[in-house]
Every structure is written in structure tokens, then in C-alpha cells.
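Subject: A structure to look at

Dear colleague,

Here is the structure I promised to hand over, and below it you will find what I found in it. Please keep the viewer open while you read, and look up each residue as it comes.

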Amino acid sequence: MGVLFSLRTADRALRIGEIAERMAVVGPHVTRHVQVLEKRGLVHRVTDPEDRRASLIELTPRGREGIERYGASLFSWFTDVLADWPAQDRSELTRLLTRLANDVTDRIARLDEEPEG
């Protein structure tokens, strides 16, 4: 699911190294998972237009449908869990999660802007 989620949130094809970076794992770990996902028809390789020697990993329609279903299932589960919470508590949770997401996004953007090395 980590590979599929990484591809879905990127909303574009990624190199193995980019997926590994997003998942905070090593490339060979991702390579093994990608091979299994390819056999299941959930991802496929496409040529990198910027470097024809390299491959990018892309969700197939079946892979996109699967990760969307998984996300919807999780969302439904959390909705059920929070159903008995008072509206004020749900609102506060939403505020805090939004703040967390924004702070994480800002931190990642700053990392992307930092020179390598």
C-alpha cells in the first residue's frame, strides 16, 4: 500500500528512488514491492521522458481504483469511529490535523528547496 499511496499522492509517475525517499526506505525494498505490484497489474513501468534509460513507475487504472477504494474504506472507518464525538471535538480534531498537514507540507517544501550535499 505504501508504494500505491506514494504514487497516488504524487499524482505522477515516480522513479524507484523517489518512491523509496517518500516511504523512507531503501530502493531495493521498493523494487521488490514494485515487482509484485506489476505482476498483480497495479503498476507498470514507463520510460522516463527526461532520461530514456530510466523507468518511472505509474499506477494502472486498476491500481488507482484499488488505492482509492482503500482510502475510502479508511475514511469510512474513521467516520464511524468519530460519529459519537461531540461536534466541537470533531472540529478541534479537524483544525489540529489541518495544522499538522500544513506544517508537514511546509517542512517538505523547505527540504526540497535545500541544496543537496
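Alanine 24 counts as exposed, because its relative accessibility is 69%, and exposed is the word used for values over 50%. Alanine 24 sits in the loop between α2 and α3 (27-39), and its phi is positive, about 60°, although alanine 24 is not a glycine. Please keep in mind, here and below, that this is a predicted model.

A positive phi also turns up at aspartate 11, which is not a glycine either and has a value of about 55°. Aspartate 11 has its place in the loop between α1 (2-10) and α2 (16-23).

**The chain as a whole**

The protein chain has five helices and two strands, and if you follow the elements from the N terminus on, they run α-α-α-β-β-α-α. The radius of gyration of the chain is 17 Å, well over the 13 Å that the globule rule gives for 117 residues, so the chain is more spread out than a compact globule. Along its principal axes, the C-alpha trace spans about 55 × 40 × 25 Å.

Buried residues make up 21% of the 117 residues, and the chain exposes about 9,000 Å², of which carbon and sulfur atoms supply 54%. If you consider the contacts between residues at least 6 apart in sequence, 34% of them join residues at least 24 apart.

**Salt bridges**

Side chains of opposite charge can pair when their charged atoms come close. How many salt bridges does the structure hold? There are ten salt bridges in the structure, and I will go through some of them here.

Aspartate 11, whose positive phi was mentioned above, meets arginine 64 in a salt bridge between their side chains, with 3.8 Å from N to O. Because aspartate 11 lies in the loop between α1 and α2 while arginine 64 lies in helix α4, this pair ties together parts that are 53 residues apart in sequence. Arginine 64 counts as partly exposed, with a relative accessibility of 32%.

Another salt bridge joins the side chains of arginine 12 and glutamate 18, at 3.3 Å from N to O. Both partners are partly exposed: arginine 12 has a relative accessible area of 44%, and glutamate 18 has a relative accessibility of 28%.

Arginine 69 forms a salt bridge with glutamate 65, and here the closest N and O atoms are 2.9 Å apart. Both of these residues lie in helix α4, four residues apart, which is about one turn of the helix. Arginine 69 is exposed, with a relative accessible area of 54%, whereas glutamate 65 is partly exposed at 47%.

**Nonpolar residues and rings at the surface**

Which residues make the nonpolar surface patch of about 610 Å²? The patch is made by Met1, Tyr70, Leu74, Trp77, Phe78 and Val81. Tyrosine 70 is found in helix α4 (residues 61-82), and with a relative accessible area of 39% it is partly exposed.

A pair of aromatic rings is described by the distance of the centres and the angle of the planes. The structure holds one aromatic pair. The rings of tryptophan 77 and phenylalanine 78 have their centres 5.0 Å apart and their planes at 90°, so this pair is edge-to-face. Tryptophan 77 counts as exposed at 52% relative accessibility, while phenylalanine 78, with a relative accessible area of 45%, is partly exposed.

**A buried threonine**

Is threonine 60 buried or exposed? Threonine 60 is buried, because its relative accessible area is 11%, and buried means under 20%. Threonine 60 has its place in the loop between β2 (51-59) and α4. Leaving aside the neighbours within four places in sequence, threonine 60 is in contact with Gly41, Leu42, Val43 and His44.

Your colleague

How values were computed
Residues are numbered from 1 along each chain as its sequence is written. This is a predicted model: local features need pLDDT of at least 70, side-chain atom pairs count only at pLDDT 80 or more; totals for chains, interfaces and linings use all residues. Side-chain values use heavy atoms; hydrogens and water are left out. Patches are made of residues with over 30% relative accessible area and no salt bridge: like charges are joined within 9 Å, nonpolar side chains (Val, Leu, Ile, Met, Phe, Trp, Tyr) within 5 Å. Accessible areas come from the Shrake-Rupley method with a 1.4 Å probe; for residues, only the protein chains shown count as cover. A salt bridge is a side-chain nitrogen of Lys or Arg within 4 Å of a carboxyl oxygen of Asp or Glu. Buried means under 20% relative accessible area, exposed over 50%, partly exposed in between (1.4 Å probe, protein chains only). Rings of Phe, Tyr and Trp (its six-membered ring) pair if their centres lie within 6.5 Å; planes under 30 degrees apart count as stacked, over 60 as edge-to-face and the rest as tilted. The radius of gyration is taken over C-alpha atoms; the globule rule is 2.2 Å times the number of residues to the power 0.38. Contact means heavy atoms within 4.5 Å.
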